[in-house]
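The sequence and the model are shown first.

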Amino acid sequence: IYFQLAENSVNTSQEWEFPKKFQFEWYDFILLKNVFSPIVFKWSSIYVNHLPLQEHQKLLDMWCGSGIIWISALLKYNLDKVVCADINQFAVDNTIENIKMHNISDKVKAVQSDVFSNINDNEKFDLIFWNAPYFDWDFDENNILYRSMYDKNYEHIKRFILEWEKYLNEWGRIMLWFSSDRFPLEHARKLVNEIWFDLKIFHQEADIKWIKQEILEVVKNSV
């Protein structure tokens, strides 16, 4: 049932007039067509307010959507640099428009990237965050928005797991979006346990629909 409701929400969000203006964390943004809507899916504030952010950090946002999370975080916490990456070129274009709106192109870069494919190998980050697609279901691959929800055979997540370490600095951290009301946490743990990592709940709260949303941290397996 959840999948049908989510797909209906995604499809309905594309019937609006674009560009659509909205506010997030008291900042003005625009949303373009063919971009996952933070207006419909309202849990983005959880990340801005509960991720371990502080001044002068360098961050990578994997599959950034409209870019609002890290643009807001940069403005709020005075971060040094943010790289926003998305497989969806429409999302990258939307992020670029929001970067221009806030005149922060010296600190925020948006790139089209299939996981780490277009991330500079020499770049190291203090924090990498991914609002990952945890659902291993068949989907209409012609619908670019469904790639924000589904990952057939977990191909993208497995590539992310195999490559993340080389993009972290010595004390860098990996944080992932999760919702245990939609996907069993033990299934997600199995994906990282294979390479001697584990997941711990860094933060948990219910969204406006009383669905649990979590921020997970990837940690070394103690076993």
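Two strands are said to pair if DSSP finds at least two bridges between them; helices (H or I, at least four residues) and strands (E, at least two) are DSSP runs, numbered from the N terminus. The model is predicted, so local features need pLDDT of at least 70 and side-chain atom pairs count only at pLDDT 80 or more, while totals for chains, interfaces and linings use all residues. Residues are numbered from 1 along each chain as its sequence is written, and side-chain values use heavy atoms, with hydrogens and water left out.

An open sheet is formed by seven strands in the order E5-E4-E3-E6-E7-E9-E8, with mixed pairing. Strand E5 (108–112) and strand E8 (197–206) stand at its edges; each has a single partner strand, so one side of each lacks a neighbour in the sheet. From one strand to the next, the twist averages 20 degrees.

Within this sheet, strand E6 (residues 125–130) pairs with strand E7 (residues 168–178) in the parallel sense over five bridges. The bridge partner of Trp130 in E7 is Leu176.

Two helices pack on the sheet, as tabulated below. Contact means heavy atoms within 4.5 Å; axes are lines fitted to C-alpha atoms, for helices over the stretch in contact, and angles run from 0 to 180 degrees between N-to-C directions.

| H3 (residues 68–77) | E3 (58–62), E4 (81–86), E5 and E6 | about 175 degrees with E4 |

The structure holds zero disulfides (pairs of cysteine sulfur atoms within 2.5 Å). The sulfur of Cys64 lies 4.7 Å from the closest cysteine sulfur, that of Cys84, which is too far for a bond.
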